[in-house]
Amino acid sequence: MSGPGVAGALPLLLAVLCAAALWLPDARDGLPRRARLLLVGGGPVPEHRPGWKPWADRLRERAKGRQEWACPVAGLLLGGATGSVLPFLAGVVAVPLVRRWLRTREAAVRRRERAAEVVAVCGAVAGELRAGLQPGQALTAALRDAVGGPAGSGGTDSAVLAAAAFGGDVPQALRQAAREPGAAGLAGMAACWRVSVDGGAGLAAGLDRLERALRAERDQRETLRAQLAGARSTAVVLALLPAVALLIGTALGADPLRVLLHTPLGLGCLCVGALLEALGFAWAWRIVRTGERA
């Protein structure tokens, strides 16, 4: 490889890395507090003081929630290397689309976490009932021990706690909380609560069956997501192949970006290729989403 070819490929490589940063999950921030308690042996969760954090951690915290702005940065780098304003304009146009995708991904993560918390609450309430607590006390203790509460923070969770602690309409509060994404299992808890109050059935036994059913449903969804992970990764890799081809061509000295961005034929090929790329990626992603919903 020639020196100029490598130098010309460096801005394109940086642009690809900026775009790929959108796909990197923050495993530390997504780790639940209970899991961190287990990993540190049951002791207190160590808090990281700002003065002790490396500069990379501080940069990650400041950039969290603003990953979509990597698109115009990547476009600016690529535009400066190629002498064209088109990459920067494409990065600016991509900001709202990437923001929407990131918000959708965050909502899906919160929905899965909330569903797992509902399963944990069902098991905790059943355990507290067997320990001798009254139903309201058992539900209050389970909700306070849950990480963030099954309905998330806000008035809905407070309504469930108030109804359980002060003898309110617990089934109605649970049904209201079940409207939150991922908390649909609370509707089953409300039904168990209503049956135990009206018909005298054992609430602990009903919650045990509900917990097993919700856990089986969650395991089935996780298994399906694991099976579809290969198809999702394949779609992402195929979407990145044109960028890899441009990197290789630039490194070899062919200068494909000059042809694509500064000639009429190249601009036409770029528009058609971008359209086909978007359609292919949307089609593959729709297939994956259909499999998840099924």
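This is a predicted model: local features need pLDDT of at least 70, side-chain atom pairs count only at pLDDT 80 or more; totals for chains, interfaces and linings use all residues.

Reader: What pLDDT does the protein chain average?

Author: pLDDT is the predictor's confidence in each residue, from 0 to 100. The protein chain averages 77, and 72% of the residues score at least 70. Over residues 23-52 the pLDDT stays under 50; the model has 25 contacts (heavy atoms within 4.5 Å) for them beyond four places in sequence. Residues 147-155 also have a pLDDT below 50, with 23 contacts beyond near neighbours in sequence.

Reader: How many helices and strands are in the protein chain?

Author: Both are DSSP runs numbered from the N terminus: helices are H or I of at least four residues, strands E of at least two. The protein chain has 13 helices and zero strands. Among contacts between residues at least 6 apart in sequence, 63% join residues at least 24 apart.

Reader: Which residues of helix H9 are buried?

Author: Buried means under 20% relative accessible area, exposed over 50%, and partly exposed in between, with a 1.4 Å probe and protein chains only. Of the 294 residues of the protein chain, 29% count as buried. In H9, residues 170-177, the buried ones are Val170, Pro171, Ala173, Leu174 and Ala177. Seen down the axis of H9, these fall within an arc of 160° (taken from the directions from the helix axis to the C-beta atoms), so they line one face of the helix. The general idea is that an α-helix has 3.6 residues a turn, so residues three or four places apart point the same way.

Reader: Which residue caps the N-terminal end of H9?

Author: Asp169 does: one of its side-chain oxygens lies 3.4 Å from the backbone nitrogen of Gln172.

Reader: How many disulfides does the rule give?

Author: A disulfide is a pair of cysteine sulfur atoms within 2.5 Å. By this rule the count is zero. Cys269 is in no disulfide, since the nearest cysteine sulfur, that of Cys271, is 9.4 Å away. Cys269 counts as partly exposed at 46% relative accessibility, whereas Cys271 is exposed, with a relative accessible area of 54%.

Technical notes. Residues are numbered from 1 along each chain as its sequence is written. Side-chain values use heavy atoms; hydrogens and water are left out. A polar contact is a pair of N or O atoms within 3.5 Å; within protein, one must be able to donate a hydrogen and the other to accept it, and residues adjacent in sequence count only if both atoms are side-chain atoms.
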